[in-house]
Amino acid sequence: MFSSTEMLQASRGKIPAKLVLKNAVVLNVFTKEWLTQDVAVWDGRIIGVGRYEGREEIDLTGKYLVPGFFDAHVHIESSMLTPAAFAAEILPFGTTTILADPHELANVSGEKGIRWLLEEIKRLPLNGYVMLPSCVPATELDDSGARLEAEDLLPLREDPSVLGLGEFMNVSGVCAGEEKALAKLRAFQDRVIDGHAPGLVGKDLQAYLLAGVSTDHECSEPEEALEQLRSGMNLMIRRGSGAKNGETLISTLLDSRVSAERVCFCTDDKHVEDIRREGHISSNIREAIHLGMDPAEAYAMASFNAARMYGLSHLGAIGSGYQADLVVLDDLEEVSVDSVYWKGKLVSRKGERPAVGKRTVPGFLLDTVQLRPVRREQLRLSCPDGAAHVAQVIPHQILTRHRVCQVPCTSGEFQPDRHFQKVAVVERHRGTGRVGIGVVEGFFLHGAIASTVAHDSHNLIAVGDNDQDILLGIQALEKAGGGYCLVRDGKLLEVLPLPVCGLLTQEPTEQVQRALANMKKLCVEMGMPEELDPFQTLSFLSLPVLPEIRITDRGVFDSVEYRYL
């Protein structure tokens, strides 16, 4: 990176720097030390750390200075906000770099959706990078709105915002050497390839690594984490709205005393109301410190570790030559953010959100819910012997347990109740009329919830204790053009429209937050356990790459045996 003569002279202290942040307790991520120093900045870069004078000086006595935070794997779509609105929410919490995987948009709108995000992300007041979606659809056994092969991704590869290939969920395809999977891996063999490998150990893990995959954010068990780390995998500790593996993985790192240099943080899927309530990557750091991790290690995981994983050598540290992405803290352990600098410019102070303009969404991202009318009889589920394959929800995880058990039936037909609920998944991209029906345990609803956010193909999914409310929820979302809705006793309680691909809204963030908070409150009143995020839990019931059992528009899928039941 070029340095002018003036910058070099300022770095040597011969002339004043343009900006100096003085007397802060600065994190040195190279040595994990906290040192009281000045940080000199010139045109967005750090030009020196030590003792400096500046044309502009800001005294940070009593405050801490750390590198900007890094979300190593995020689906912006899960916030339900446009990229600009999302950036405004996370910057006040110190996140200055994101690696976005737009496979939600891509499953609905294909290459056009990716190109839209690439253009939007370049306008954000943070470092926005993209990992191209690797599995659209997630498997060959799923029905999405688009299909992307290696030849479709290659034209996007050279965009400067693209760092590599997003989470490769088709683990069985990789390990079996399927040609379509290998073609994508070959096309990105010189880039970072993200993984998605829940429970992957043993020789299949070795094959997955051999194929070029280098990260995983789905790890959730101690021995699994240790085996992946010992095999050379980079791990991400996730704290999203539905899935959280921090307590397990941080405790594993501390108990085993293994190096955390190849561990970083991500949010993956996080609703805006959860971001506002607990923070963004700042909440990952806080959790790690509260669990006993050394603060210097936790902050390095939130910055330097992630930057190294993705080859971003200009980010992640407070040192000469690095980009001046800086977070000023009032409290180290609580991650209380005073102010945030991006490229040396103040972008947030005392929680203030930067102003972002509202941009027009192209027409191809709208009107994406195309249903053939669903009939009541399509919601029936036959159980001649009174037994069914049941997806049991696991709290705070996106995994399920596969149970075969007796369920309530009348004349050989499943009758949902408070314990065993009915799930319906309706194909919504091409109006095929395909509807899959299954049984889930763990929702305890009286009424129904419906959503067009249903990973990863994003068909319309509904769960409830009676067919009438389920059908009404399906009809309400078709009318709204996608989103979330709640129904009880034949009445529509609330709808949150998400007209952009059935995933996003352009409405003000406060309006989205209020609506979502109210809907979650109503879900509890309908019987949903408070410890579960109803919409995140529902949205993953249809993802066929997650163990152990899923429901898609084709029916009940055993994701361990990889077959429809």
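## Salt bridges

Let's start with Arg-239, which forms a salt bridge with Glu-287, their closest N and O atoms being 3.2 Å apart. The term salt bridge is used here for a side-chain nitrogen of Lys or Arg within 4 Å of a carboxyl oxygen of Asp or Glu. This pair links distant parts of the chain, 48 residues apart: Arg-239 sits in the loop between strand 12 and helix 9, and Glu-287 in helix 11 (residues 281-290). Helices (H or I, at least four residues) and strands (E, at least two) are DSSP runs, numbered from the N terminus. Both Arg-239 and Glu-287 are buried; buried means under 20% relative accessible area, exposed over 50%, and partly exposed in between (1.4 Å probe, protein chains only). By the salt-bridge rule, the count comes to 37.

Please keep in mind that this is a predicted model, in which local features need pLDDT of at least 70 and side-chain atom pairs count only at pLDDT 80 or more, while totals for chains, interfaces and linings use all residues. Residues are numbered from 1 along each chain as its sequence is written, and side-chain values use heavy atoms, with hydrogens and water left out.

## Two further pairs and a network

Arg-349 forms a salt bridge with Asp-338, with 3.0 Å between the closest N and O atoms. Arg-349 belongs to strand 16 (residues 345-349) and Asp-338 to strand 15 (residues 336-342), so this pair ties together parts that are eleven residues apart in sequence. How do the two partners count for burial, buried or partly exposed? Arg-349 counts as partly exposed because its relative accessibility is 42%, whereas Asp-338, at 2%, counts as buried.

Asp-533 and Lys-520 form another salt bridge, the closest N and O atoms being 2.7 Å apart. Lys-520 is in helix 15 and Asp-533 in the loop between helix 15 (509-525) and helix 16 (534-539), so parts 13 residues apart in sequence are tied together. Lys-520 and Asp-533 are both buried. Salt bridges that share partners join Arg-239, Lys-270, Glu-273, Asp-274, Arg-277, Glu-278, Glu-287, Lys-520 and Asp-533 into one network.

## Ala-243 in its loop

Ala-243 is found in the loop between strand 12 (234-238) and helix 9 (246-256). Its relative accessible area is 6%, so Ala-243 is buried.

Which residues does Ala-243 contact, leaving aside neighbours within four places in sequence? They are Arg-238, His-396 and Ile-398, where contact means heavy atoms within 4.5 Å. Ile-398 lies 155 residues away along the chain, yet the C-alpha atoms of Ala-243 and Ile-398 are separated by 5.8 Å.

## Thr-452 and its surroundings

Thr-452 lies in the loop between strand 23 (448-451) and strand 24 (460-464). Thr-452 counts as buried because its relative accessible area is 0%. Not counting residues up to four places away in sequence, Thr-452 touches a number of residues, among them Val-369, Arg-428, His-458, Leu-477, Gly-483 and Leu-503. Gly-502 is also one of these residues, and its backbone oxygen lies 2.7 Å from a polar atom of the Thr-452 side chain.

Val-337, by contrast, is 35 Å from Thr-452, C-alpha to C-alpha, with the two 115 residues apart in sequence.

Strand 25 (residues 483-488) is mostly covered, with five of its six residues buried. Strand 25 pairs with strand 23 in the antiparallel sense over four bridges; two strands pair if DSSP finds at least two bridges between them. Across this pairing, Ile-449 stands opposite Leu-486 in strand 25.

Strand 25 is also joined by six bridges to strand 26 (residues 491-497), and these two run antiparallel. Gly-483 has Pro-497 in strand 26 as its bridge partner. The two strands form a hairpin with two residues between them, and Asp-489 in the turn has a positive phi of about 55 degrees.

## The 27-28-29 sheet

Three strands form an open sheet in the order 27-28-29, with antiparallel pairing. Its edge strands are strand 27 (549-552) and strand 29 (563-564), each pairing on one side only. Strand 27 and strand 28 (residues 555-558) pair over four bridges, and the bridge partner of Ile-551 in strand 28 is Val-556.

## The annotated domain

An unreviewed UniProt entry carries the annotation "domain: Adenine deaminase C-terminal" for residues 397-560. UniProt positions are given in the numbering used here, feature names are shortened, and annotations may be inferred rather than shown by experiment. Residues 397-560 are 23% helix and 34% strand, and the end C-alpha atoms of this span lie 17 Å apart.

Conventions
A polar contact is a pair of N or O atoms within 3.5 Å; within protein, one must be able to donate a hydrogen and the other to accept it, and residues adjacent in sequence count only if both atoms are side-chain atoms.
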